[in-house]
Amino acid sequence: MKIKIIKCLQDNYSYLLIDEENNYACVVDPSEPKPIINYIEKNNIKLKFILNTHHHFDHVGGNKDLKKKYNSQVIGFKKDKNRIPEIDICLDNNEIWKNEKFEAKIYHIPGHTTGHICYHFYNQNILFTGDTLFSLGCGRIFEGTYSQMFSSLKLIKSFPKNTKIYCGHEYTLKNSDFCLKYDSNNSALKEKILSVKNYLNKGLTSMPTTLEDELSCNIFLKSKDIETFSKLRDLKDNF
Ligand code: ZN
Ligand code: FE
């Protein structure tokens, strides 16, 4: 399995998961159709599935055009079936989805939205976290509660440490300023920032991050209780 990171809109990432044996692919959170179509056409990809983490326009904006062009099937959370455009396959919390060589377990992780899910491709140990967990940050709480978001992050913390995490946006460097302000003695964080800058300077991305990095550097994952977490989330909203 190969992962191709595709930059979309201002700072979004869509991800193509490609089975190199037959060029079948899934796309995770297609923000817009064009950059994805470009890559697909150039590389002879057969887009079989469209996977959405949540219903926001910058994660589902490509659903309709891609489905129409490639006859792909759209996958999303059951309880969000009325807000995910063109949905075909509705998945529930803890359900395993398998098709062709693709195999993922779905987890309901509310907070950013009430219907947010993540996809764990456990054979490759890859996790797509959408707008719930960012590298060095977490999503804004739009629809859910602080306590839901805190529990969702706690669930993510329980994955294997070497899990590769692909997030919905390139916010890492911006997020790092906030982490550094409230966790200024964290040497792992300083190292992480150097490596992120290095990647970005080369025109690369800060994806994937690893759970291990996030556990030691991400101030939201380091929050021990809901009070600390909520306070930090409020501070970040006004940062
Ligand atoms: Zn969102
Ligand atoms: Fe987003």
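Q: What volume does the largest cavity have?
A: The model is predicted: local features need pLDDT of at least 70 and side-chain atom pairs 80 or more, while totals for chains, interfaces and linings use all residues. Residues count from 1 along each chain, chains run from A and ligands from 1 as written, and side-chain values use heavy atoms without hydrogens or water. A cavity is a set of 1 Å grid points where a 1.4 Å probe fits but cannot get out. The largest cavity has a volume of about 40 Å³.

Q: How many cavities of 30 Å³ or more are there?
A: The search covers the whole structure. The count is 1.

Q: Which residues line the largest cavity?
A: Lining residues have an atom within 4 Å of a point. Domain 1 (1-91) and domain 2 (104-239), bounds from an automatic or database assignment, each give at least three. The lining is Y13, Y15, V28, D29, T53, F128, G130, Y166, C167 and G168.

Q: Which residues are the protein donors of the iron ion (ligand 2)?
A: Donors are N, O or S atoms within 2.8 Å of the metal (3.2 Å for Na, K and Ca). Here they lie 2.1 to 2.3 Å away. Along the chain their spacing is D-H-x71-D-x37-H. They are D58 (OD), H59 (NE2), D131 (OD) and H169 (NE2).

Q: Are H59 and H169 buried or exposed?
A: Buried means under 20% relative accessible area, exposed over 50%. H59 has 0% and H169 has 4%. So H59 and H169 are buried.

Q: Which residue bridges the iron ion (ligand 2) and the zinc ion (ligand 1)?
A: The two ions lie 3.3 Å apart. The bridging residue is D131.

Definitions and conventions
Buried means under 20% relative accessible area, exposed over 50%, partly exposed in between (1.4 Å probe, protein chains only). On a 1 Å grid over the protein atoms alone, a cavity is a set of points where a 1.4 Å probe fits but cannot get out, and a pocket is an open set with protein on both sides within 12 Å along at least five of seven lines; lining residues have an atom within 4 Å of a point. Grid points are joined across faces, edges and corners, and a volume is the space filled by probe spheres set on the points.
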